[in-house]
Structures are given as C-alpha cells and as structure tokens.
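Trainee: I would like to learn how to read the features of a model like this one. Could we go through them in turn?

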Amino acid sequence: MTERNATIASRVGLHARPAAIFAEAAGELDLEITIARLGEPEDEAMDAASILSLMSLGASHGEVVVLRAEGEGADAALDRLVQILETDHDAE
C-alpha cells in the first residue's frame, strides 16, 4: 500500500471547487484511492473520488490528510493528487 500525506492549501479547505477538482482527478485514475485525516484509523478512510465523501471529511485549510492507494502506478498517482491538495485553488 502506497501512502502520502498532504496539507490542504485551499483557504476554504476541501470544499466545493477544491473537492470537485480533486474528486475528478482521483476518479480518472484506475486505482482505488482513499483519503482520511491524519491520525484517523485506516478503516475509516473515504473514497477519494467521491465529492460527497470529500466534503463530509471536513478537512480545513492547513490540515493534513493521508492518501492511500495500491497497485501499479500508485506512487505517481498519489504524487499528482498531493499536488492538487497542496494548491490553493481559491486563489486562482
């Protein structure tokens, strides 16, 4: 299992536009990717491609989340998703 930590950069946290951008990118990948707040049990992780899951996660600006995936291409996929989370999409 590949794992990456990411700090939420968008000023409004992982809501609305940032969540939609992230969910779309995660959904385009042929991997099952989960997301959880840092410190939460792995079995409570949510589907990273679900905008509803992302918004219910309630991750705020500056919070750290954990992304997990398994399979071929997981390293590159998680690196790309970390970039999305660590970009302030509200500033664009």
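**Reading the features**

Mentor: Glu42 has a relative accessible area of 47% and is therefore partly exposed; the class lies between buried, under 20%, and exposed, over 50% (1.4 Å probe, protein chains only). This is a predicted model, in which local features need pLDDT of at least 70 and side-chain atom pairs count only at pLDDT 80 or more, while totals for chains, interfaces and linings use all residues. Residues are numbered from 1 along each chain as its sequence is written, and side-chain values use heavy atoms, with hydrogens and water left out.

Trainee: With which residue does Glu42 form a salt bridge?

Mentor: Side chains of opposite charge can pair when their charged atoms come close. The criterion is a side-chain nitrogen of Lys or Arg within 4 Å of a carboxyl oxygen of Asp or Glu. Here Glu42 pairs with Arg68, with 3.9 Å between the closest N and O atoms. Arg68 lies in strand E4 and Glu42 in the loop between E2 and strand E3 (46-47), so the bridge joins parts 26 residues apart in sequence. Helices (H or I, at least four residues) and strands (E, at least two) are DSSP runs, numbered from the N terminus.

Trainee: Which network of salt bridges includes Arg68?

Mentor: The network links Glu3, Glu42 and Arg68. Between Glu3 and Arg68 the closest N and O atoms are 3.0 Å apart. Because Glu3 is in strand E1 (residues 2-7) and Arg68 in strand E4 (residues 64-69), this pair ties together parts 65 residues apart in sequence. Arg68 is buried, at 8% relative accessible area, whereas Glu3, at 42%, is partly exposed.

Trainee: How many salt bridges are found in the whole structure?

Mentor: The search finds six. One of them joins the side chains of Arg11 and Asp88, at 3.1 Å from N to O. Arg11 is in the loop between E1 and H1 and Asp88 in the segment after H3, so parts 77 residues apart in sequence are tied together. Arg11 counts as exposed at 53%, and Asp88 as partly exposed at 22%.

Trainee: At roughly what angle do the axes of H1 and H3 cross?

Mentor: Axes are lines fitted to C-alpha atoms, for helices over the stretch in contact, and angles run from 0 to 180 degrees between N-to-C directions. Helix H1 (residues 16-27) and helix H3 (residues 74-85) have axes that come within 10 Å and cross at roughly 170 degrees. Ile21, Phe22, Ala25 and Ala26 of H1 make the contact with Leu81, Ile84 and Leu85 of H3; contact means heavy atoms within 4.5 Å.

Trainee: Which residues make the nonpolar surface patch?

Mentor: Ile51, Leu52 and Met55 make a patch of about 280 Å². Patches are made of residues with over 30% relative accessible area and no salt bridge, like charges being joined within 9 Å and nonpolar side chains (Val, Leu, Ile, Met, Phe, Trp, Tyr) within 5 Å. Accessible areas come from the Shrake-Rupley method with a 1.4 Å probe; for residues, only the protein chains shown count as cover.
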